[in-house]
Amino acid sequence: MSAEAAYEIPREVAAAPPEWEPPMPPVDLIFDDGEPLESPQHRIAMNALIRLLLQALADRKDFFVGGNMFVYYSSTQARNRDFRGPDFFVVLDVDGERDRRGWVVWEENGRYPDVVVELMSPSTADVDLGEKKNIYERTFKTPDYFVYDPFQADSLQGWHLNAKQRYERLVPNDRGWLWCESLGLWLGTWQGTIDRVTAFWLRFYDSSGNLIPFPEEAAEQRAESADQKAARLAERLRELGEDPDLL
């Protein structure tokens, strides 16, 4: 027997197809298309929601909150440069301390946003109420979706995913607020000044109806509480015949 025959590869092995490997997801993702938000007021509204949610969930590290960031959910979408960037979104039960340039679903164990807020304008309303709403309902299956135009105080609308995995319109309470079940918070308007702009802004309220403060507002409240406590103590000492200024 020749050496060539001794080392001949069996036909069935030679004909065996190579082991199948799944296609790799895209890696050349774009995270900034250079498109700004509709107006400075939209930017303030987005940043306010992010800061307020960080304050509301300050004792937690298992969530991610983003604004005007791309969400990539399929290879086809990425190849077509079909960018999806919710103005505000929250994903719960994830590592909140990871650095992210955007939200890439296949790098996040298939997790999609639990809450999305789109800040509408006349030029985006049709898309926000149509195409995007359909994607958030059918593809993302985002439990809570809200839309609001920062220039129209009565424009807040919201939907919650029901047992049939379809959006059901949320009914506002007597204050016009909408309940966000995923966060356990109310979402409603508040008239006031943020970053030197006075308007009706979207803000969060806790389950008891208390306004979620900005970090600086919370610091002021703590300082006022400490001052009031000190004043009560001083008054009590005076009632006992003691001069608090000498203690």
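A residue counts as buried when its relative accessible area is under 20%. In this predicted model, S155 has a relative accessible area of 9% and is therefore buried.

**Surroundings of S155**

S155 occupies the loop between β6 (144-148) and β7 (157-161). Its side chain reaches the backbone oxygen of Q152 at 2.7 Å. Apart from neighbours within four places in sequence, the residues in contact with S155 are M120, V147, Y148 and D149.

**Salt bridges**

Side chains of opposite charge can pair when their charged atoms come close. The structure contains 10 salt bridges, including those tabulated here.

| Salt bridge | N to O distance |
|---|---|
| R60 and D62 | 2.8 Å |
| R98 and E108 | 3.3 Å |
| K132 and E118 | 3.3 Å |

In the pair formed by R60 and D62, R60 is partly exposed at 31% relative accessibility, and D62 is partly exposed at 28%.

The salt bridge between R98 and E108 links distant parts of the chain, 10 residues apart: R98 is in the loop between β3 (88-92) and β4 (103-104), and E108 is in the loop between β4 and β5 (115-119). R98 is partly exposed, with 34% relative accessibility, whereas E108 is buried, with a relative accessible area of 6%.

The salt bridge between K132 and E118 joins helix α6 (residues 131-140), which holds K132, to strand β5, which holds E118, so parts that are 14 residues apart in sequence are tied together. Both K132 and E118 are buried.

Technical notes:
Residues numbered from 1 in each chain as written. Predicted model: local features only at pLDDT ≥ 70, side-chain atom pairs only at ≥ 80, totals over all residues. Heavy atoms only, no water. Helix = DSSP H or I, 4+ residues; strand = E, 2+ residues; numbered from the N terminus. Buried < 20%, exposed > 50% of the residue type's maximum accessible area, 1.4 Å probe, protein only. Polar contact = N/O pair within 3.5 Å; in protein donor to acceptor, adjacent residues only side chain to side chain. Contact = heavy atoms within 4.5 Å. Salt bridge = Lys/Arg side-chain N within 4 Å of Asp/Glu carboxyl O.
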